[in-house]
Amino acid sequence: MPITTTALRHRTAGGGVPRGSLSDIAEGGTGQVVSHVRELIERGALKPGDRLPAERDLATQIGVSRPTIRAGLRTLAAMGVVRSRHGSGTYIPDGPPALNTDALSFLAALHGFTREDMYEARRILEVGAAGLAAERATPEQVATLAEEVASLFASMQDPRVFLVHDINFHRGVAAASGNPIVASLVEMVSALYYERRRETAARASERDLRDAAEMHRRIYQAIRARDVDTAKRAMHDHLIQASRHQAQERPKAAKAGRRAAAQ
Ligand SMILES: [Zn+2]
């Protein structure tokens with residue numbers, strides 16, 4: 001392959017030297033792609049929500065083939081650094097970095113995560129996150145939580161819409177914890193929770209949804225009031241109650257199936 005001047009410039013600039021653990025797991029050309037994208041992020045040339053250059057342009061910039069670019073992008077996607085949207089390219093996701101949940105989904109399929117496993121993990125992460133949010137939430141973050149609570153009350157007739165706002169509320173609390181590791185872990189568990197829950201969300205009764213909306217309001221009010229203990233207790237109580245409600249749900253449609261037992 002002829003070495004273009006652009007490729008040469010990038011090679012001599014040392015753009016392809018893998019460093020740090022992020023690129024260690026990707027070897028050779030793939031590692032160069034990972035390093036290159038990381039440099040663009042570190043330089044501020046790529047920010048959350050931005051679209052990556054086209055494959056062709058990346059191939060020219062880095063001096064590797066397009067299949068290598070694609071392999072590199074798959075690695076970055078698995079790390080949660082980029083997300084590809086069909087037909088419109090590859091993007092840096094908005095919000096906290098979320099590890100691709102495929103690995104977790106496989107684990108769930110292999111080892112059969114139970115509903116209780118999921119809620120226990122959520123309690124471990126989110127009770128602490130609620131306490132931190134009460135200490136650290138910015139006014140904008142508090143406002144976001146207020147909007148999600150209002151949306152929860154407005155969507156009690158539609159359990160699937162309710163679920164989306166429910167998850168957004170919890171992501172909002174995690175983001176307000178100010179700890180990016182906690183936020184990423186909550187993001188990952190939320191994605192898995194959503195994947196499972198959207199199939200059964202319609203079973204929730206309106207009474208349960210009203211109770212749940214009320215619990216979210218309590219969490220929000222405690223965070224707004226900077227009341228750490230109340231925020232933690234409210235989150236704990238909410239997750240216990242949500243798990244209990246879900247355990248009592250019965251399929252409304254005939255399409256019950258084996259999955260019901262696992263939920
Ligand atoms: Zn909730």
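This is a predicted model: local features need pLDDT of at least 70, side-chain atom pairs count only at pLDDT 80 or more; totals for chains, interfaces and linings use all residues.
The largest nonpolar core holds 39 residues. Those that touch the most other members are Ala129, Ala130, Ala133, Val173, Ile219, Ile223 and Ala231. Six helices each supply at least two residues of this core: α7 (115-136), α8 (139-154), α9, α10, α11 (206-224) and α12 (228-248). Val173 shows how such contacts are made up. Beyond residues up to four places away in sequence, Val173 touches Glu126, Ala129, Ala130, Ala133, Leu145 and Ile219. A second core is separate and has 11 residues, including Val34, Leu58, Ile69 and Leu76. In soluble globular proteins, nonpolar side chains tend to be buried together.

Helix α9 spans residues 159-176, and helix α10 spans residues 180-200. Their axes come within 9 Å and cross at roughly 170°. An angle over 145 degrees counts as roughly antiparallel, so α9 and α10 are roughly antiparallel to each other. On the α9 side, the contact involves Arg160, Leu163, Ile167, His170, Arg171, Ala174 and Ala175. On the α10 side, the residues are Val182, Ala183, Val186, Glu187, Ser190, Tyr194, Arg197 and Arg198. The residues of this contact divide into 8 nonpolar, 2 polar and 5 charged.

Ser88 lies in the loop between β1 (83-85) and β2 (89-91). Ser88 has 8 other C-beta atoms within 10 Å. A residue with 12 or fewer counts as exposed, so Ser88 is exposed. The C-alpha atoms of Ser88 and Ala54 are separated by 9.9 Å, and the two residues are 34 residues apart along the chain.

Conventions: Residues are numbered from 1 along each chain as its sequence is written. Helices (H or I, at least four residues) and strands (E, at least two) are DSSP runs, numbered from the N terminus. A residue is buried if 20 or more other C-beta atoms lie within 10 Å of its own, exposed if 12 or fewer, and partly exposed in between; C-beta atoms are placed from the backbone. Axes are lines fitted to C-alpha atoms, for helices over the stretch in contact, and angles run from 0 to 180 degrees between N-to-C directions. Angles under 35 degrees count as roughly parallel, over 145 as roughly antiparallel, 65 to 115 as roughly perpendicular and the rest as oblique. Two residues are in contact if their C-beta atoms, placed from the backbone, lie within 7 Å. Ala, Val, Leu, Ile, Met, Phe, Trp, Tyr, Cys and Pro count as nonpolar, Asp, Glu, Lys and Arg as charged, and the others, Gly among them, as polar. A nonpolar core is a set of buried Ala, Val, Leu, Ile, Met, Phe, Trp, Tyr and Cys residues joined through C-beta atoms within 7 Å.
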